[in-house]
Amino acid sequence: DGRDGCARVNGEGRISSPVVYSPPRCGAADKIQTAFMTGPVSDPDSNPVPSHRLPQGIALIAAAMPHHPVIAELHRQSFDEAWSEATIRSVLAMPGAFGLLAVGAGSGGENLDVSSPEPDLFGFALCRVVADECELLSLAVAKSARGRGIGGGLVDVVIDQLRRMQAEDTLITKLFLEVAEDNIEAQRLYKKRGFGPIGRRPGYYHRDNGPAMAALTFAANLSD
């Protein structure tokens, strides 16, 4: 909707408006990104995020620009409206943006491959902080890894990190996302974590084999 003058990207592959200016980097997003650059979440000595948020054998690392091809490939496998590599690069470069990758616990985060039956990259979450709000721009889990709690774990870690920012005097009060109206499983996941619907966009998501689907806007209050 362009409310902050920059591209707004929803969870299934639409960019609502072009980038028209480039404000300074967001300090809160940089803090979150830096936390994950110090080591995987599953290592309590290198990162304060609790490992119980993720299934055994899965770790989180910060998404970096060199990861954009593998993120784009997993996005292509997950959504009808796939983001190109150029779009992923633009998202990662947006002010206030940060991303988390769910990878095999033994992976160093480079040369990730999502085309294999057991991919090194199991899922990702891309987010953006603007002022005192954050938006979950896109969330995807590899088909072979679904049903293991990775998607929910990614959302939990994002919420944990945003709430940690509050303890460090960086107030982020709400987390927003968009989800297709027919994606009941995802809606159930979000509702379990305190999200509720606040809006609807008719005919928003393109479908390759059917009519366009409405998008539901969800929000969670992080100050509760």
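## Asking why: buried, exposed and in contact

User: Where is Ala-131 found?

Analyst: Ala-131 is in the loop between E3 and strand E4 (133-141). Strands (E, at least two residues) and helices (H or I, at least four) are DSSP runs numbered from the N terminus. Please keep in mind that this is a predicted model, where local features need pLDDT of at least 70, side-chain atom pairs count only at pLDDT 80 or more, and totals for chains, interfaces and linings use all residues. Residues are numbered from 1 along each chain as its sequence is written, and side-chain values use heavy atoms, leaving out hydrogens and water.

User: Why is Ala-131 called exposed?

Analyst: Exposed means over 50% relative accessible area, buried means under 20%, and partly exposed is in between (1.4 Å probe, protein chains only). Ala-131 has 69%, so the residue is exposed. The phi of Ala-131 is near 55°, a positive value in a residue other than glycine.

User: What makes Arg-128 count as buried?

Analyst: Its relative accessibility is 7%, so Arg-128 counts as buried. Arg-128 is placed in strand E3 (residues 121-130).

User: Which backbone oxygen does the side chain of Arg-128 reach?

Analyst: That of Pro-95, at 2.6 Å. A polar contact is a pair of N or O atoms within 3.5 Å; within protein, one must be able to donate a hydrogen and the other to accept it, and residues adjacent in sequence count only if both atoms are side-chain atoms.

User: Why does Lys-174 count as partly exposed?

Analyst: Its relative accessibility is 30%, so Lys-174 counts as partly exposed. Lys-174 is found in strand E5 (residues 174-180).

User: Which residues does Lys-174 touch, not counting those up to four places away in sequence?

Analyst: They are Asp-132, Glu-133, Cys-134, Ala-220, Asn-221 and Leu-222. Contact means heavy atoms within 4.5 Å.

User: Which residues touch the most other members of the largest nonpolar core?

Analyst: Among its 57 residues, they are Leu-101, Leu-126, Leu-136, Leu-175, Tyr-190 and Phe-195. Helix H4 (residues 150-167) gives the most to this core, with 8 residues. A nonpolar core is a set of buried Ala, Val, Leu, Ile, Met, Phe, Trp, Tyr and Cys residues joined through side-chain atoms within 4.5 Å.
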